[in-house]
Structure formats: C-alpha cells, structure tokens
Amino acid sequence: MLALTELGQRLRQERESKGLSLEDLQKLTKIQKRYLLGIEEGNYEVMPGKFYVRAFIKQYCEAIGLDTDAIFEEYKSDIPSTQTEDMPQQLSRVRSRKEIPQHTKGVSKAYDYLPTVLVVAGVVVVGIIIWVIAQNIVSDKNKEQANQEAPNSEVQQSNTQEETNETTAKNDNSNSEDEQSAADKKEQEKEKAAKEKAEKEKAEKEKKDSGKQEYKEVQKTGRSATYALSGTDAFNLEVTSTQADTWLDVKNGKGNAFFSSILKKGETKEFDLTKETEARVNIGYSPGVELKVNGKAVDLPFDSSKQVRQVVTIQYQPAEAQ
C-alpha cells in the first residue's frame, strides 16, 4: 500500500468522521471506488488521465463538506496541475471485403431465391382464404333456406318468446341500474362531504398557525446559522433532497441523533421534534435540499452554490410556555 499524502490523510479523516465508507462516497460522487482510494493514497497514476485528478478531488471535497478552494490552496503541492492530454485515436472496426469468410457466399445465394419462395407462399395463402370465404357463404345460404322452410307458427312463437325475454331482461337491468346509480350517488355525496370537511379543518388550522408561528434568524457565522421557532405548539421538520444524494445529520440539543446517514435523491425524512427545545440539522450537500417547518418551506441560511455544507440550528419554544 502507498504512503498517504497530507491531502489524502486529511480527506480520509474527514470522510471517516462523517461515518462514510468508500462505497457510500462512490454513490454520492458517482466516482469509482478505486479512483477515490487513489486520491487518498496520492496514487494519481490510477486515474484515467491527469486532466481528471483535480475534478475528482473537487467532487470528493464537496461530498464531505470541505471548502474546495481552501483545500486546493493548502495542498497545492500535492495536487498536479491540469494539462492537456491527447486522446488515443479510435481503431477502425471496418473490415474489407477480402476479410469476409468465404463460407458466407453460399448463404448469399440462398437469399437470391427468397423472393420467389415468398411469392409462392403468398399465392397459397390467398387461395386458402378465398376457399374459406366461399365455404362460409354456402353455409349461410343453407341456414337461411332452412329457416324459411320452418312453419310460420313456430317462427312466431319463437319471436314472441324472444320479445318477452328481452322485455324482462330490460326491466331487470333498468331496476338494477337505478339501484346501483342511487347507491353510487349516495357514496359520492358522502365522500364529497368528508373531503370538504377535512379541507375546511385543514384550512382553519393553517390559518390559526400562520397567525401565531414565527421563525426568525438569531445569528449567522461561517457555515452555521441559528433560528428561533415560537408561537406554535408543534415542531415538525421535513428535509427533502431533490437534486442529488446528500449526507444528513439531525440531532437534538443534547447530541442525541434522530438520523445520521445518506438522504437519497427524491427522498424525504420527517421528524417530530415537539418535545425538543433545540434541533441541529447538518447538511453535507445543500444544493437542491428543501426544509419545511410545520409544513411551511423555509429558506436555507446561505446560498448553496457558495456554501455547499450548511448547519442549521433551530431553537424551539412552545406557545403554551410563552
């Protein structure tokens, strides 16, 4: 194993402090594990080219929440400068006619007879179809003649019975449809009333909470910010990552962790913190991360394009305690 460079040691320590394995980091950065290991060991020869070294190191730093510019400046002696490399020319995959195996010539001759075979088969199929149609026509004529020769009384009796059956069936269907329609209508009205009631209660609750809840900034420093939540009897937190996987760590004021792992793209985590007086939210990769407090979206304290890692502390004071 190669000796670690100072940069490699710094990156590995920071990764392990976050509880991330190389497999976790591979999922976050989409960089192969062997390249990540090469960065930690300072073995840049495993990279596909020196052009990629700086880009991979930048992605590694952003994923674990380090300031990329500061790292590049501090360890510039460990990081190779970017240089242009010539891409190898692609080899032609086109083969000349002389390279084509001679045994395929027989197959080519067989293809010459294929159109004739297809034409003959088509004629045979058309003939079969015409014969079947002719047989059906003759059969229909025979049935029609037999029906005409039957006694008129039997025909009339049959027609009368069919009409009676049709009338009975129509009446039964009509009654069944009316009963079903009435039941469906009653059920729809019941569902509509329940939905309207739920929407009304929700609107009243949101209106009541919006008039009291207050979420305001207390202080900012570095990548950390503190907010005060008051005027409400609930403290519910939602965290959603919409753009990429991110490291998420949620703890209370005593340091007890509610969640400490990777939040995958498109995933939402909800936390009921009503019994807590303080919550600390550590976001490893903030672009695309959305926060909601009691169902209301709140802005992150810093511009995520400038501050990738952000720490938000929320101090909660229930309304009944004020």
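Q: In which helix is the place of isoleucine 128?

A: Helices are DSSP runs of H or I with at least four residues, and strands are runs of E with at least two, both numbered from the N terminus; here, isoleucine 128 lies in helix α7, residues 114–149. This is a predicted model, in which local features need pLDDT of at least 70 and side-chain atom pairs count only at pLDDT 80 or more, while totals for chains, interfaces and linings use all residues. Residues are numbered from 1 along each chain as its sequence is written, and side-chain values use heavy atoms, leaving out hydrogens and water.

Q: How many helices and strands does the chain have?

A: The chain has eight helices and ten strands.

Q: Is strand β2 mostly covered or mostly open?

A: A residue is called buried under 20% relative accessible area, exposed over 50% and partly exposed in between, with a 1.4 Å probe and protein chains only; in β2, residues 224–230, six of the seven residues are buried. Across the chain of 322 residues, buried residues make up 27%.

Q: Which strands do bridges join to β2?

A: Two strands pair if DSSP finds at least two bridges between them; β1, residues 214–221, runs antiparallel to β2 with seven bridges, whereas β10, residues 310–316, runs parallel to β2 with six.

Q: Which residue takes a positive phi in the hairpin of β1 and β2?

A: Two residues lie between these strands, and glycine 222 takes a positive phi near 60°.
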